[in-house]
Amino acid sequence: MNSALDVHRLHFAFTITFHYIFPQLTMGLALLLVYLKTKALRTGDEHYNKAARFWARIFGINFAVGVVTGIPMEFQFGTNWAEFSKAAGGVIGQTLAMEGVFSFFLESSFLGLFLFGEKKLGRIGHWWAAFLVFLGSWLSGYLIVATDAWMQHPTGYAIGANGAIELTSFWGLLLNRWALWQYAHTMIGAVQTGCFVMAAVGAFYLLTKRDEAYGRTFVKAGVLVGVVASLLQLFPTGDMQGKLIAEYQQPTLAAMEGLFESQPNAPLAILGQPDVQNRRLDNPLQIPGMLSFLTYRKWTAHVKGLDRFPEDLWPDRIPLLYYSYHVMVGLGTIFIAVQLMALLLYWRKKLYQSRWMLWVLMLCVPLPYIANTAGWITAEVGRQPWLIYGLMRTAHGASPRVGAGNAWFTLIGFMGLYSLLAILWCFLMGREIHLGPEPPVMHTHGSATPAAAD
Amino acid sequence: MATVWFCLVALMVAMYVVLDGFDLGTGAIHLLVAKTDDERRQVLASIGPVWDGNEVWLLAAGGTLYFAFPQLYASGFSGFYLPLMMVLWLLILRGIAIEFRGHLHSLVWEPVWDFLFCVSSLLLAVFYGAALGNVVRGVPLDGSGYFFEPLWTNFRLGAETGILDWYTISVGVLALMALVMHGSLWVQMKTTGAVSQRAGHVGGAAFWAVTVLTVVVTVVSFSVQPQIKTNFARWPAGYVFPVLAVAGAVGVKSFMAKRNERNAFLSSCIYLAGMLTSVVFGVYPMVLPARNPEYSLTIDTAKAGAYGLKIGLIWWVFGMLLATGYFVFVYRSFAGKVTAGQSEGGHKS
């Protein structure tokens, strides 16, 4: 951790990981808010409007933290990764600028109206405000994923005369095949976070026997949407994501799976610890042939292991990559099991009385956050040693004049500031959940900050 | 095409300065013009529905700068590493101060956020001014196209400059005074009663500081950055920008005397836009002047590929039309004054 490059990497990893705690919930909740507002509009039942208002308050807190921690991301490309920005800014600057122009203006304009303009807008108008906030946040998600997808699998570019990477096809950049699948996978991950959080709060109300009507609504929404999301996360989106990696990032696939030796009938490692020095998996628990089948739909297919690639093409943190991938997949499997079980109980009309299931739903709440984070670590560590896959190495992308000392200074500054944000966030979230969907009248929200959360 | 993008980025930055400028200025005078909790809510309500959209102009301008002039984005942002990171911290603190204040009512809750809101707004104004000062003065770029400035060296305008020297500090103070004036006029226009009155007094005092500092800094800038003189000599039509600034300043004074709060605020917008465009015009075609002129970044050395600039223009125009639509919608639904009681429980909802 002494080289400036390592500090720059940690700097970005820390700030982006912390940032993404918040958008994954707001993007997921945005969809669920549209669901609740649609219910309210169709049934005319005030219950759903109150439910939506409660979640809008949670949304507002998370959105605010998401915005303030998001601003540094756009600037860090230039501050810490100047060589990368100089080379690739003409391409990825497009998607980043479009995010500002098309989604941030939309979100910031309509969120205030959504949070504080319900009376003024009327029923239909308020539904539209919710929908436009959803649209803005999901559009923002697309443009960011398209940026990352271009770094994973660059398309629509050419190398210009001065060595800079130039855009040659706008649609090539925007409709990158990788971006479409990665987007689907990412957004469904966000929906899962939204569903688990909503179900967990609902389960908490049912278990503590308070606001039980809301508890049932929240658990129901979290489970019904969540079961679809958890299945889609595995197939087709997760599956396609894996196929794209198998096609375009072969060393990454081998490292993710801990496959050191090329072989037919390649096994899928369920457990085991990669021993990079001795090039083997310790204490392996494997399903024979499964990796061949998942990758090529043929049990006997030959899968390339790390031995096929020179070491300087290997991802540089194989254990981290291997574990984050396994954590993501393992949790994804658990989510399917939990959600299907809950669905079964719902179908047999036992879900709301089944205390053990409610306990499970409540305690699951950190898991989707871990799974989403592990997924992003898999994507980003898996891209190594490349910053832009096949085009530019991470080692060549950092700012040449920003030394390790200055990078540490700002990294520590962010760590301190974000610790403070985390404490405030926990406090305010706990308070909102404690106040519940029918807070005492005194609790007027945001005294002076109507459009408050961006 | 590069010149077109130079103008568009300048336009976006000007939009940011004029729009976020008034809510930064509002923050800077927050503790001065609002004494009670009720009054402070009134001040916050005057920017509540719009400050966040205003700040988006910074992100949109940053993104546009990134794809139109990648080399400028890379050199500038990494060179201004330390102050830029501090600006980010201030933006974070300011954002949560505005957001979190209203969640709780306690004698140990609101004062913290009021203080943070005020201090962060104030410091941001100084930082932005100092940044502009750095651009005018030039930075220690070398043949590699990069530089790294420490926060300060010896506070002189030598070859080894820091972010802060006597020139950039004076621009920072001017920026603070200008935004204090701008914010005061906004608060005066958007509020009633004691708050509006106090804001008027602060605005009046700030006006004189702005006038004196504008004259001093302008005179000094001509000697600090010789390109300014060259440009005005070469394209006399460029005088329209400083004339605009002067007209704005005169407008502020005369409309304040006539108690026309709206026009006084609009004049202040014109003053800020005039000042900023004068600077931008003065350094053109440089985008980042170097202390050693041969290393300066110009629109041609910093620009992105031709195809990207062309396609960008199409979506940019489309997106800006949409954004303008949202802004008109939001500002119209937020027209009129905020009274002390009205700020309770969210604005006019």
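What share of the contacts in chain A with a separation of 6 or more is accounted for by residues 24 or more positions apart? In this predicted model, such pairs account for 74% of those contacts. The secondary structure of chain A consists of 13 helices and 8 strands.

The overall dimensions of chain A were computed from its C-alpha trace, which spans about 65 × 50 × 40 Å along the principal axes. The radius of gyration of chain A is 23 Å, and this agrees with the value near 22 Å that a compact globule of 454 residues would have. Of the 454 residues in chain A, 55% are buried, where burial requires 20 or more other C-beta atoms within 10 Å of the residue's own.

Chain B was treated in a like manner. Its secondary structure comprises 14 helices and 2 strands. Along the principal axes, the C-alpha atoms of chain B fill a box of roughly 60 × 40 × 40 Å. For a chain of 349 residues, a compact globule would have a radius of gyration near 20 Å; the value for chain B is 20 Å, so the two agree.

With regard to contacts in chain B between residues at least 6 apart in sequence, 74% join residues at least 24 apart.

Terms used. Residues numbered from 1 in each chain as written. Chains lettered and ligands numbered in written order. Predicted model: local features only at pLDDT ≥ 70, side-chain atom pairs only at ≥ 80, totals over all residues. Helix = DSSP H or I, 4+ residues; strand = E, 2+ residues; numbered from the N terminus. Rg over C-alpha atoms; globule rule 2.2 N^0.38 Å. Buried ≥ 20, exposed ≤ 12 C-beta atoms within 10 Å, placed from the backbone. Contact = placed C-beta atoms within 7 Å.
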